[in-house]
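Visitor: Can you walk me through this one? I have the model open and a few questions.

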Amino acid sequence: SQILILGSFPSVKSREAQFFYHHPQNRFWKVLATLYHHDPLLTIEEKKNFLLENHIALWDVIYSCTIEGSSDSSIQNVQVNDIPLLCQNSNIQAIFLTGKKAFQLYEKYIDLEIEHIYLPSTSSANAKMHLDQLVESYKVILEKL
C-alpha cells in the first residue's frame, strides 16, 4: 500500500462486521467508488479487492478506548495503534485522516515524517457535507499516488 487512510475508532456496525466504514449510511465507500470511477462497492470482498488494486490501506488511530456507541465525542482512555511500525514495514507515502477526532488524535500521539492530511468525515453525522463535496475533498488522495 502507498496510501494509509485512518479513522478514529470503528463504529458499532463496523465492529460487528469486523470491517471498516460498514454502517450503511456512511458514505466512505461511495466516495471512493466515485473518486476512482468504480462500480459501487457493496460487499466486503469487493471492498478488499478495490483497496488492494488501488494500493490503499485502512486502519484506525485508536487500538482501544472507552466509547459510548459510535460517538467520537465520548472517546476516553485512548490507546493508539502502532502506526509508526506499520509505516516502517510498508511503502506508505501519505496518510489521510477521516474526521476531526482521527486528525486530533494522530497529531497528539503519532510523530512520523510521512505527510498526513485531514479529510472530512464521511459519517452521516457530518450531514452538512454532500457527497459531491466529500468527493472533491478526497481528490487529494489521487494527487498523492
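This is a predicted model: local features need pLDDT of at least 70, side-chain atom pairs count only at pLDDT 80 or more; totals for chains, interfaces and linings use all residues.

Visitor: How many residues does the largest nonpolar core have?

Guide: That core has 26 residues, and Ile5, Trp29, Phe96 and Ile141 have the most contacts inside it. A nonpolar core here is a set of buried (under 20% relative accessible area, 1.4 Å probe, protein chains only) Ala, Val, Leu, Ile, Met, Phe, Trp, Tyr and Cys residues joined through side-chain atoms within 4.5 Å.

Visitor: Which element gives the largest share of this core?

Guide: H2, with 6 residues.

Visitor: And what does Ile141 touch?

Guide: Leaving out residues up to four places away in sequence, Ile141 touches Ile3, Ile5, Leu32, Leu35, Tyr36, Phe96 and Leu119. Touching means heavy atoms within 4.5 Å.

Visitor: Switching topic: how do H2 and H6 cross?

Guide: The axes of H2 (residues 28–35) and H6 (residues 131–138) come within 9 Å and cross at roughly 65°. Phe28, Lys30, Val31, Thr34 and Leu35 of H2 meet Leu131, Leu134, Val135 and Tyr138 of H6.

Visitor: Last one: is Ser8 buried or exposed?

Guide: Ser8 counts as buried because its relative accessibility is 5%. Its side chain also makes a polar contact with the side chain of Asp72 (2.9 Å); such a contact is a pair of N or O atoms within 3.5 Å, one able to donate a hydrogen and the other to accept it.

Terms used: Residues are numbered from 1 along each chain as its sequence is written. Side-chain values use heavy atoms; hydrogens and water are left out. Axes are lines fitted to C-alpha atoms, for helices over the stretch in contact, and angles run from 0 to 180 degrees between N-to-C directions. Helices (H or I, at least four residues) and strands (E, at least two) are DSSP runs, numbered from the N terminus. Buried means under 20% relative accessible area, exposed over 50%, partly exposed in between (1.4 Å probe, protein chains only).
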